[in-house]
Amino acid sequence: MLDLLDHSLRSSPERPAVLGTTRTGRTRVRATRGELAGLADAYASSLFARGLRPGDTVGVAVRPGPRALAVLLSLWRLGLRGAVLDPGAGPDVLRARLASVRPSLVLADAAAQAVAGWARPLAARARLALPPLDELGPVATVGRRLPGCAPALGRADARVPSFDHGDGDAVIVFTSGTTSRPRAVVHTRSGLAAGMSTVAALFRARPGEPVAGGTFFVLVPALAQGAPVALPARSPKVLVRQLQRLRPQATYLTPPQLRDALNADARFTGRVWTGSAPAGAELLGRVRAAGAAEAWGVYALTELFPAAAVESRDKAAYTGAGDLVGDPLPGVEVRTEAGQLLLSGPAARNRYLGEDPDPWVRTGDRAHLDASGRIVLEGRCKDMVLRRAENIYPGLYEPSLHVPGVELAVLVGVPAGDGDERLVAVVQPRPGHDESRLRAALAGPLRRMGSARPDALLFADVPLSGRSRKPDRAATARLAAERLGTAGSA
């Protein structure tokens, strides 16, 4: 897919590739296809001139956009392994995981260097942190160089020879993984290519028509299929204007981005995709009601992307217990072991850094397959609540709490002081929805939970965490514990 993208960029250099937006929502071209290819050429030449060779590791701390994509293309061409330095992973994790593979070079933009340096206290408020980058390896600045930044990567006229890279490592991504011990996920070139191809088959982008999305797994397949990609505005109000003017054929936003956009009265066109965090039938239904022809939830992991997908109508029609995430995508193999979902396939990670290859990914999710072979999640293995000697898995019951007017709903356990736990439903109302009416609407679903009925129902904003802005269950449990003294029973 990356080889196809490189060829595609050069075949129509004058056409727009990456789009941005003004505050009024007007589209602006951030890079043409030719400019993107030229930038990748320059980076590859500079990295080769610095002595980097196939198999070397390069740390990457560059915000999504044309430069980050050009860096990825240059690493691919040279057979280098990119280690994504995510400021949401935390400095201790990055130091520990890179101890055995010290990068030959760290490529960082000015923003990343600020997070690791003078802006560290400010970044910490947003739960972003990087260690001093020069602790990881030599640093070069990509993009605009500000005072205090490392020397620029620069340009070189070195001729880059053709390499046969085989199936070497392509990328390392740091994640909390499927256990409490943070891991570094290693994808090979074939695994990365397989994942990109699966996304391309899902998106089916039409050439020349814009796609909205900011991740590499939107940018690469869409651009390879000839579609320009618009980076979504961060402000929900600006995003609403951007979507109105752009009218994209497909849009990828995370569930928090979707909720913010919907609350700002966004209208959608074409197909809308969401993933990285749970997306219930109610959220997908709101997206379709806001104009989308289709609204899809994608189940994906850092270790295997994507694994399954489900359209809003199928999700809404499902009446069983748990969260339907859809049919396994082509090539994905599924089995369960002691209730835990295991996945395998061409796009699966090769291994965790420092460990032996393993074809099966232990997802950490409890799940079963329904009569049609679709994956139904039952919650995280580690999220079990033990109440009165009964094991309760929140994921089995949380979907039923997403009645109209509910933005988010999670079930958490709060210590009861005697080794037992109290089960608490923490519900975040959508803006403008009355809590008393929501309590009445939730009465039926709560009754139907039987022995898993919560001990208390709290209305509050659900804390989020991580780059995907998933519900932070630990923080939610602390919030519930603080407020239980004034909460009523469910």
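Reader: How many salt bridges does a search of the whole structure find?
Author: The search finds 21 salt bridges. A salt bridge here is a side-chain nitrogen of Lys or Arg within 4 Å of a carboxyl oxygen of Asp or Glu.

Reader: Before we go on, what kind of model is this?
Author: This is a predicted model, where local features need pLDDT of at least 70, side-chain atom pairs count only at pLDDT 80 or more, and totals for chains, interfaces and linings use all residues. Residues are numbered from 1 along each chain as its sequence is written, and side-chain values use heavy atoms, with hydrogens and water left out.

Reader: Good. What is the N to O distance between aspartate 6 and arginine 10?
Author: It is 3.1 Å, in a salt bridge between the two side chains. Aspartate 6 and arginine 10 are about one helical turn apart, because they sit four residues apart in helix 1 (residues 2-11). Helices are DSSP runs of H or I with at least four residues, strands are runs of E with at least two, and both are numbered from the N terminus.

Reader: Is arginine 10 buried, partly exposed or exposed?
Author: Arginine 10 is partly exposed, at 36% relative accessibility. Buried means under 20% relative accessible area, exposed means over 50%, and partly exposed is in between (1.4 Å probe, protein chains only).

Reader: Now arginine 95. Which residue does its side chain meet in a salt bridge?
Author: Glutamate 135, at 2.8 Å, N to O. Arginine 95 is in helix 4 (residues 91-98), and glutamate 135 is in the loop between helix 6 (120-125) and strand 6 (139-141), so the pair ties together parts 40 residues apart in sequence.

Reader: And how accessible is glutamate 135?
Author: Glutamate 135 has 41% relative accessibility, which counts as partly exposed. Arginine 95 is partly exposed too, at 34%.

Reader: What about aspartate 383 and arginine 473?
Author: Their side chains form a salt bridge of 3.2 Å, N to O. Aspartate 383 lies in the loop between strand 20 (375-380) and strand 21 (385-387), and arginine 473 lies in helix 14 (residues 473-483), so this pair ties together parts 90 residues apart in sequence. Aspartate 383 is buried, at 17% relative accessible area. Arginine 473 is partly exposed, at 25%.

Reader: Switching to rings. How many aromatic pairs are there?
Author: The whole structure has three aromatic pairs. Rings of Phe, Tyr and Trp (its six-membered ring) pair if their centres lie within 6.5 Å; planes under 30 degrees apart count as stacked, over 60 as edge-to-face and the rest as tilted.

Reader: Why does the pair of phenylalanine 203 and tryptophan 273 count as stacked?
Author: The ring planes of phenylalanine 203 and tryptophan 273 are at 15 degrees, so the pair is stacked, with centres 5.4 Å apart. Phenylalanine 203 is in helix 7 (residues 189-203) and tryptophan 273 in strand 12 (residues 271-274), so parts 70 residues apart in sequence are tied together. Both residues are buried.

Reader: What else pairs with tryptophan 273?
Author: Tryptophan 296 does, also stacked, at 5.2 Å centre to centre with 20 degrees between the planes. Phe203, Trp273 and Trp296 form one aromatic cluster.

Reader: How accessible is tryptophan 273?
Author: Tryptophan 273 has 1% relative accessibility and counts as buried.

Reader: Backbone now. What is phi at arginine 204?
Author: Near 50 degrees, a positive value in a residue other than glycine. Arginine 204 is in the loop between helix 7 and strand 9 (211-212).

Reader: And aspartate 265?
Author: Aspartate 265 is not a glycine, yet its phi is positive, about 70 degrees. Aspartate 265 sits in the loop between helix 10 (255-263) and strand 12. Aspartate 265 is exposed, with 62% relative accessible area.

Reader: Last one. Where is threonine 32, and is it buried or exposed?
Author: Threonine 32 lies in strand 2. Threonine 32 counts as buried, at 18% relative accessibility. The C-alpha atoms of threonine 32 and proline 66 are separated by 9.3 Å, and the two residues are 34 residues apart along the chain.
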